[in-house]
Amino acid sequence: KPKKKLSALDLPLPFNSVEFRDAWISWFNHRQEIKKPLSSETHKSQLKTMGAMGEKKAIDAIRFTIDKGWQGLHEADSYSNKKTETNGNLTKRISRQDAAELLNSAVGKRN
């Protein structure tokens, strides 16, 4: 028996707004375009997660993730606030200018 092709609106959406519906359809289509279509279980789980996030955060997460071209949903806030620990040292992102200034001051101290 061939599987029925899943549609973005096969399951009830957690929010009734046109804005959320359009964002969800965009997300669903994005996953198909990157050749990573949602399974029915993932579809159900992600809608539940979106409902728990609240409408605005859910829409923002969908837009952020599509903008990045990613296959998994991520909140912009949680991504940008992550801290990476490497060998017990906290790694921090710094601008190129700050990096150049740090390098110049370190080189200057050696001379």
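Predicted model: local features only at pLDDT ≥ 70, side-chain atom pairs only at ≥ 80, totals over all residues.
User: What counts as buried here?
Analyst: Buried means under 20% relative accessible area, exposed over 50%, partly exposed in between, with a 1.4 Å probe and protein chains only. By that cut-off, buried residues make up 19% of the 111 in the protein chain.

User: Which order do the elements run in?
Analyst: From the N terminus, α-α-α-α-β-β-α. Helices (H or I, at least four residues) and strands (E, at least two) are DSSP runs.

User: How do α1 and α3 pack?
Analyst: α1 (residues 18-33) and α3 (residues 55-68) pack at about 30°, axes 10 Å apart. Axes are lines fitted to C-alpha atoms over the stretch in contact, and angles run from 0 to 180 degrees between N-to-C directions. So α1 is roughly parallel to α3, a label for angles under 35 degrees.

User: Switching to the core. Which residues touch the most other members?
Analyst: F20, W24, M50, A58 and I62, out of 15 in the largest nonpolar core. Such a core is a set of buried Ala, Val, Leu, Ile, Met, Phe, Trp, Tyr and Cys residues joined through side-chain atoms within 4.5 Å.

User: Which helix gives the largest share?
Analyst: α1, with five residues.

User: And what is F20 in contact with?
Analyst: Beyond neighbours within four places in sequence, its contacts (heavy atoms within 4.5 Å) include L13, P14, L47 and M50.

Notes:
Residues numbered from 1 in each chain as written. Heavy atoms only, no water. Parallel < 35°, antiparallel > 145°, perpendicular 65-115°, else oblique.
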